[in-house]
Amino acid sequence: MKNRSVKRIKKIALERIEILFDEAKKIAKEDKKLSKKYVERLLLIARHYKVRLPKDIKNYICKKCKNVLIPGFNATVRVTHKGYVAIKCECGEEKHIFLKQKSKNK
Ligand SMILES: [Zn+2]
């Protein structure tokens, strides 16, 4: 019974995270501060409810400055030959997104 409600709470938390991320993305070009606030809030929710961020959200949030990374706006995307895409934030932080994730069976 307890497990079930945890699952439900996590689902709701994830929905809120997705909404916040959407909003952060929408507002990023107009109001960076507000955008970061949304990101901070969604990270808080994730931490509080122990929800793992979906890859397409996690990959587009700068760990360092909490920017939503928008290629061509505040981030540059570079495809490397080593099997990953490098997304560089305007703050200098670089994220590596590995394309081949099949072999990661830990
Ligand atoms: Zn950054």
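**A residue to start with**

Does Glu18 count as buried, partly exposed or exposed? Glu18 has 15 C-beta neighbours inside 10 Å. A buried residue needs 20 or more, and an exposed one has 12 or fewer. Glu18 therefore counts as partly exposed.

The model is predicted. Within it, Glu18 sits in helix H1, which covers residues 2-27. Ile57 lies 39 residues away from Glu18 in sequence. In space, the C-alpha atoms of Glu18 and Ile57 are 7.9 Å apart.

**The chain as a whole**

The chain has 106 residues. Its secondary structure comes to three helices and three strands. Follow the sequence, and the pattern reads α-α-α-β-β-β. Helix H1, with Glu18 in it, spans residues 2-27.

The C-alpha trace spans about 50 × 40 × 20 Å along its principal axes. Buried residues make up 20% of the chain. Contacts can also be sorted by sequence separation. Take those with a separation of 6 or more: 43% of them join residues 24 or more positions apart.

**The sheet**

The three strands form an open sheet. Their order is E1-E2-E3, and the pairing is antiparallel. Strand E1 (75-79) and strand E3 are the edge strands, each pairing on one side only. On average, neighbouring strands of this sheet are turned by 20° against each other, direction ignored.

Now the pairings one by one. E1 and E2 are joined in the antiparallel sense over five bridges. Strand E2 holds residues 84-89, and strand E3 holds residues 94-98. These two also pair in the antiparallel sense, over five bridges.

**Across the strands**

Which residue does Val77 stand opposite in E2? Val77 faces Ile87 there.

**The hairpin**

E2 and E3 form a hairpin. How many residues lie between the strands of this hairpin? There are four residues between them. Gly92 takes a positive phi in this hairpin, near 105°.

Terms used: Residues numbered from 1 in each chain as written. Predicted model: local features only at pLDDT ≥ 70, side-chain atom pairs only at ≥ 80, totals over all residues. Pairing = 2+ DSSP bridges. Axes fitted to C-alpha atoms, helices over the stretch in contact; angles between N-to-C directions. Contact = placed C-beta atoms within 7 Å.
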